[in-house]
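Trainee: Please pick one part of this model and take me through it closely. I'd like to hear how it ties in with what sits around it.

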Amino acid sequence: MKKQHAEFLKWFGPLLDALRDLGDSGKPVEVSSKIAENLKLPDSILDSTTKSGVKRFHNQVAWARQYLVWEGLLDSSKFGTWILTEKGKTTTINEVQAGAIFKKWVDIHQKARKNKNDDQILVEPDENPPEEFEESSHPELIDILQSLSPNGFEKVCKELLRESGFENVVVTGQSH
């Protein structure tokens, strides 16, 4: 493994830990800040930049996030909120396990590129929309929200605020 690849592997486990500390979701800046806080990272690591001027630490955390998405440990949100999946909530990863995940996905992508070069026909997704469900088959949103525990309701609100662009969302209480 090249040194440049090995550097970001050390952030897999701390990224999962940081998201758990943030209530299972967070904006990228919040997650990086929580990792830095948890590990008491020195400014020399936090201030280092790549040749293009990007903060190296945040870039490496973003790469770690991508592999964790592929591994099914994080949800791939299109609104910039990183969310643990059920599997991610209970998974811990050391650097050896991170290396195995990295190797697995490098191999998968190399095989996919090779297959694409071999003119393998890729099946396009069905263009027809999925069948519409009857309205009665979906529980009402209010029923779902009322069935949540106070802690669960706070987590839903926090994720909704993050998906709406808010950062540093903090739950101040968990009462009814």
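Mentor: Let's settle one term before we start: helices are DSSP runs of H or I with at least four residues, strands are runs of E with at least two, and both are numbered from the N terminus. Bear in mind that this is a predicted model, where local features need pLDDT of at least 70 and side-chain atom pairs count only at pLDDT 80 or more, while totals for chains, interfaces and linings use all residues. Residues are numbered from 1 along each chain as its sequence is written, and side-chain values use heavy atoms, with hydrogens and water left out.

The part I'd pick is R65, which sits in helix 5 (residues 56–70). Buried here means under 20% relative accessible area, exposed means over 50%, and partly exposed is in between, with a 1.4 Å probe and protein chains only. A salt bridge needs a side-chain nitrogen of Lys or Arg within 4 Å of a carboxyl oxygen of Asp or Glu.

Just after helix 2, G23 takes a positive phi of about 90°. Then comes D24, in the loop between helix 2 and strand 1 (25–26); its phi is near 80°, a positive value in a residue other than glycine. D24 counts as buried, at 7% relative accessibility.

Now for some pairs that do make salt bridges. The count comes to seven by this rule. K34 pairs with E37, the closest N and O atoms being 3.3 Å apart; both lie in helix 3, three residues apart, about one turn of the helix. K34 is a buried charge too, with a relative accessible area of 17%. K55 and D47 meet at 3.9 Å, N to O, and both count as partly exposed, K55 at 40% and D47 at 46%. D107 and K103 meet at 3.1 Å. D24 comes back here: salt bridges that share partners join D24, E86 and K89 into one network.

K34 and E37 also belong to the lining of the second largest pocket, as do D21, R162 and V171, among others. A pocket is found on a 1 Å grid over the protein atoms alone: it is an open set of points with protein on both sides within 12 Å along at least five of seven lines, and lining residues have an atom within 4 Å of a point. The volume is about 190 Å³, that is, the space filled by probe spheres set on the points, which are joined across faces, edges and corners. Helix 3 (28–39) and helix 9 (150–163) each supply at least two lining residues, and helix 3 gives the most, with four.

Stepping back, the protein has nine helices and three strands, and 30% of its 176 residues are buried. Among contacts between residues at least 6 apart in sequence, 61% join residues at least 24 apart.

Definitions and conventions:
1 Å grid on protein atoms, 1.4 Å probe; cavity = no way out; pocket = protein on both sides within 12 Å on 5 of 7 lines; lining within 4 Å. Contact = heavy atoms within 4.5 Å.
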